[in-house]
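I opened the notebook to record what I looked up in this structure.

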Amino acid sequence: MRKLLLLFAIFCTLGAQAQQGANYNANTRFEQMGSELPTPNTYRSASGAPGRDYWQQKADYDIKVELDDVNQRLTGSEKVTYFNNSPDELRYLWLQLDQNLFNENSASNQMRSSSINTERGLSTTAVKGILGKTPKDFGFKITLVKDLTGKDLVYTINGTMMRIDLPVPLQKGQSFSFKLDWNFNIVDANEQRARSGYEFFPKDGNYLYEIAQWFPRLCVYDDVNGWQHKQFLGQGEFTLVFGDYKVEITAPNDMVVGATGELQNAKLVLSASQQKRLKEAETSKTPVVIVNQDEAAAAEKGKPSGKKTWIYHAKNVRDFAFAASRKFIWDAMQVDVEGKKVWAMSLYPKEANPLWGQYSTRVVAHTLVSYSKRSVAYPYPVAYSVHGPVGGMEYPMMSFNGARPQEDGTYSEGTKNFLILVVIHEVGHNFFPMIVNSDERQWSWMDEGLNSFLEGLACLEWDRNFPATGIEPQYITQYMKTEPSKQNAIMSSSDNILPGTFGPNAYSKPATGLNILRETIMGRELFDYAFKEYSRRWAFKHPTPADFFRTMEDASGVDLDWFWKGWFYGVEAADQSIAQVEWYAVDSQDPEINKAQLRAEAAAKKKTMSNIRNEKDIPKSVVEADSSMRDFYNSYDPFEVTDTDKNKYNTYLKSLTEDERKLVQEGKNYYTISLKNKGGLVMPVIIQLQYEDGTTEDLRYPVEIWRLNDKDFKKTIATTKKVKKFKLDPYFEIPDIDTSDNVFPREPEQPTKFQLFKQNQAPSPTNPMREAQKNKPASTGSSGRN
């Protein structure tokens, strides 16, 4: 501890003097983004809200499609009506042909890198990939493109895009209708690692279909890009137009078909008992099974006797998906969402039980309530969770989800947690991007990141002990400490994100950033209001990153440009350090205190090893033996308090006011904490003071402390109690990539432990449920829920 040998008046100016002598480091981290964001206009305002002249296009579809279960093929025809609400004249329309991704000559197949590892060998699928061979001729076969009068329309196919040339330019406020006929072979979803397709079950010889990106659909034409017709390369997902759908799906009559929208002909496609169960589900507090496991198992063994056509209508949706199989068990319940009854439903084969029967539909219902609370009230009549080959994919009112138990019905905790997480995530996509309709082809994070953030909150509302690591800052550090050349900024085009980093870049890092905003930078109240306002402003519209950034600031009154620049546009890491702590106290100038302290310090300094040994080796010194060798100084006590000392002290006290005298005599501790920003990314600073008496105190400093020097900062604090330890970020609120220097005085790191054993040990079981069942008496109960 150092004493401040200063008069009170000088002491009061200590902070000002330290500031004047500070070591500044000019930087641009807190400059406004300015030209880095697009210039506001009448379509998109500076506040982040849609402008007074905002517009967007619309496309309505009337589709008839038939599922060929023998050949795994779809054949369809559609009538499309396109509405030009833009101020521009359009001479052509662009449509997306997503199935062309799977064509062996597609750009996606041609651009894939490949190599041969002689030690591990190659699978037959990998060899086929190198040869560029596909098991079937995949991709759309367009057989008809005509206007409503029957005249052929000129069209050009370019990879996954198709341009239709209009016979007459389409003016503002006009619409144009046309027809298309097409067909394609459905891909094996597992073999192609596709977002849709079929799964074959060899044990019973049946197929399960999850069908998406299955019809030619309009590209977006907007005020930002004109036509958004970037090729579909497989990673950057979809940019789509809102519209109304009428879809007739013809399938074998022993199949159950679920789809986007409301079923229009339930009386024709459902049995009387199924209709009765569906009615019961309207008021049930728990899921009611509409098609039970016994019925699904019976259908698996039978053969269709004909066909059924399921008719679905959906209004104001950006896409349409469906699922079909004779293997499906179907359960349902209604949930109250902001005063409106909404169907929560699940479709799954018996292989998914008992896990799916217990959890899926309940998690769907929970997700709708949780997300509606934080964004917009769910506007659609239904939300499905479907189990099949697709591990996780989203469409309006439909989601395809993985997580399958073992064949004996047991499952690991990881499988259970994945089911809960993936259902929440994919059902949550109904809000982002199905309602808040961002451009997925360009900005994956705008739906995946925002959705992953809300997913984390919903998981914790489901189970407060759920491992929602995707939003916690400490779990993104492994990614953020990688070399900058191995990272992309979040603000990177979806298709340009490096292999192996798509998860952290598009999901975890943006989700974690939003959690940091909510918990540490803005606070929950301001963040929640601004996030909900963004959702309200851009529901059923096409927002851009700038609209999100501007709305979050506009609705909260918090300047966040520094955060967008660092977290979304940069790849720097957060790494704070306590470099040093200096301890001070005000010199009271009380001679009784000061001289006693000097006496103790002098006595301590005399306890050297030499003096200790001399106690034995020099029994009596010359001065001790011969009194004539002593004088005044041998008996002088320099630490004795004299009258002069007392008078001087009293004079000093009389010169102080009562308040000044209290400050001198209260005995405060003053600590100057030297902080370093080693990582570059600026973040608020949270310091925990751990006192000698075992109590703690948290100090919070805003990010603006780095404004004038983004590398070093000193802060002097005053405490009544003595601080035993200083700790940075005690609650893991920032993603500090190196916590070894977050404590002062320094603490040794924990050792890396190793096990000592006599022989090789078997690994711990990954499926404790199976291990437990081995030790239980056999039961006669069913593993599935009927």
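My notes on cores, helix packing, aromatic rings, loops and backbone details follow.

**Entry 1: the cores**

I noted at the start that this is a predicted model. I looked up the nonpolar cores first. The largest one has 195 residues. Within that core, W182, W214, W330 and F548 touch the most other members. I then took F548 and listed its partners, leaving out residues up to four places away in sequence. F548 touches W445, M446, L450, L514, F531, Y534 and W564. There is also a second, separate core of 5 residues. Its members include Y649, L653, L656 and V664.

**Entry 2: helix 11 against helix 15**

Next I turned to helix packing. Two packed helices are described by the angle and the distance between their axes. I looked up helix 11, residues 445–462, and helix 15, residues 545–556. Their axes come within 11 Å and cross at roughly 40°. Which residues make the contact? On helix 11 I found W445, M446 and L450. On helix 15 I found P545, F548 and F549. By class, that contact has 6 nonpolar residues, no polar ones and no charged ones. W445, M446 and L450 were already on my list of residues that F548 touches.

**Entry 3: aromatic pairs**

I then went through the rings. The structure holds 55 aromatic pairs. I wrote down W214 with F215. Their ring centres are 4.8 Å apart and their planes stand at 70°, so the pair is edge-to-face. Both W214 and F215 are buried.

I also wrote down Y380 with F540. Here the ring centres are 6.3 Å apart and the planes are at 90°, so this pair is edge-to-face. Where do these two residues lie? Y380 is in the loop between helix 9 (355–374) and strand 22 (382–387). F540 is in the loop between helix 14 (524–538) and helix 15. The pair therefore ties together parts that are 160 residues apart in sequence. I checked the accessibility of each partner. Y380 has 4% relative accessibility, so it counts as buried. F540 has a relative accessible area of 23%, so it is partly exposed.

Ring pairs link F30, W445, Y534, F548, F549, W562, F563, W564, W567, F568 and Y569. W445, F548 and F549 in that list are also among the residues in the helix 11 and helix 15 contact.

I looked up S588 next. S588 sits in the loop between strand 25 (576–586) and helix 17 (591–605). Is S588 buried or exposed? Its relative accessible area is 11%, so it is buried. Leaving aside neighbours within four places in sequence, S588 is in contact with I593, N594, Y649, Y652 and V664. Y649 and V664 are also in the second core.

A585 is found in strand 25. With 9% relative accessibility, A585 counts as buried. Its C-alpha atom is 5.7 Å from that of Y670, which lies 85 residues away along the chain.

**Entry 4: cis peptide bonds**

The bond from N353 to P354 is cis, with omega near 5°. P354 is in the loop between strand 21 (340–348) and helix 9. Another cis bond joins F744 and P745, with omega about -5°. P745 lies in the loop between strand 31 (743–744) and helix 23 (768–774).

I looked for positive phi outside glycine. E338 has a phi of about 55°. E338 lies in the loop between strand 20 (329–337) and strand 21. E338 is exposed, at 55% relative accessible area. M397 has a positive phi of about 70°. M397 sits in the loop between strand 23 (392–395) and strand 24 (398–401). M397 is buried, at 1%.

R193 is in the loop between helix 5 (189–192) and strand 9 (197–201). R193 is exposed, with a relative accessible area of 77%. R193 and G391 are 198 residues apart in sequence, and their C-alpha atoms are 9.3 Å apart.

Notes
Residues are numbered from 1 along each chain as its sequence is written. This is a predicted model: local features need pLDDT of at least 70, side-chain atom pairs count only at pLDDT 80 or more; totals for chains, interfaces and linings use all residues. Side-chain values use heavy atoms; hydrogens and water are left out. A nonpolar core is a set of buried Ala, Val, Leu, Ile, Met, Phe, Trp, Tyr and Cys residues joined through side-chain atoms within 4.5 Å. Buried means under 20% relative accessible area, exposed over 50%, partly exposed in between (1.4 Å probe, protein chains only). Contact means heavy atoms within 4.5 Å. Axes are lines fitted to C-alpha atoms, for helices over the stretch in contact, and angles run from 0 to 180 degrees between N-to-C directions. Helices (H or I, at least four residues) and strands (E, at least two) are DSSP runs, numbered from the N terminus. Ala, Val, Leu, Ile, Met, Phe, Trp, Tyr, Cys and Pro count as nonpolar, Asp, Glu, Lys and Arg as charged, and the others, Gly among them, as polar. Rings of Phe, Tyr and Trp (its six-membered ring) pair if their centres lie within 6.5 Å; planes under 30 degrees apart count as stacked, over 60 as edge-to-face and the rest as tilted.
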